[in-house]
Amino acid sequence: MATRDLQGVLDAIGSATDLPIVVFDLDSTLFLARSRNLRILQDFAEYGCGRYPDLPEFAASLTVADLGYMVDHPLSQRGLLTDGLKTELRAFWAERFFTDDYCEHDQPTPGAPEFAQACHEAGALIYYLTGRHISGMALGTTTALVKQGFPLFRGRTVLHLKPTFEMPDGAFKKQAVADIHSYGGSVVATFENEPGHADTLRQAFPEGVHFLLDTVHSPTAPEPHPEIVHIPDFRL
Ligand SMILES: [Mg+2]
């Protein structure tokens, strides 16, 4: 690859001599999972407003940028998070975050639909690899991908979801490596927000360039490998 950046990925796809493959994670990579957290927090504020009268106004003032990995991040930042509120909000969140109804409205990371389209048009197989589970999130995921203009249902696209909710994401992504190899192509690039998953892909596909979205990641994530390229979003 000429340059280890997004334009370099498109150039490498265009000059590939075998099937070029680009692997994209979804949550906090192509989609802003924080936008789902924002909706859940605002819905909770409406639902719990009797007990937390200041919450609706505070929640309504927030933007996606105020949200973090955990749904209660803006409340703890403001010193508004009590133990009772935290327990109730996290239970409300857990019932909604991993559902079709909520992931359907996710906002894309800036430039993500256009970049995925450009990769597809240049000839790449687009491989969406996500820890979302089939039985609860397949419908919302496909709806959001199509609605936001990501390539799907037109050939040379794969949407690989977790078979069960309970399966750990790390084990799932390690297993998916065999499927990606089975196409017999070359992985040009992978995109992740979790340093651990990015490193799984880096080790499995040393021919590619591996990108890490500087969005949010698990608080227990390892240090990213130094070869991994950091990007803020998908704008060229
Ligand atoms: Mg992710």
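User: Which of the two residues Asp 25 and Asp 27 are buried or exposed, and what makes a residue count as buried?
Analyst: In this predicted model, Asp 25 is buried and Asp 27 is buried too; the term requires under 20% relative accessible area, so both residues fall below that cut-off.

User: What makes Asp 25 and Asp 27 donors of the magnesium ion?
Analyst: Asp 25 through OD, Asp 27 through O and Asn 193 through OD1 lie 2.1 to 2.2 Å from the magnesium ion. Along the sequence, the spacing of the donor residues reads D-x1-D-x165-N.

User: Why is strand S7 called mostly covered?
Analyst: Five of the five residues in S7, which spans 209-213, are buried, so each has under 20% relative accessible area. Val 209, Phe 211 and Leu 213 are buried on one side, and His 210 and Leu 212 on the other, so that both faces are covered.

User: How do you know that S7 pairs with strands S6 and S8?
Analyst: Pairing needs at least two bridges; S6 (residues 186-192) and S7 have four, in the parallel sense, while S7 and S8 (residues 229-231) have three, also parallel, and therefore both pairs meet the criterion. Leu 212 in S7 stands opposite Glu 192, and its bridge partner in S8 is His 230.

User: Which elements make the right-handed β-α-β unit?
Analyst: That unit consists of S6, helix H10 (residues 195-204) and S7; it is called right-handed because, with the strands pointing away from the viewer, the path from S6 over H10 to S7 runs clockwise.

Notes:
Residues numbered from 1 in each chain as written. Predicted model: local features only at pLDDT ≥ 70, side-chain atom pairs only at ≥ 80, totals over all residues. Heavy atoms only, no water. Buried < 20%, exposed > 50% of the residue type's maximum accessible area, 1.4 Å probe, protein only. Donors = N, O, S within 2.8 Å, 3.2 Å for Na, K, Ca; no water.
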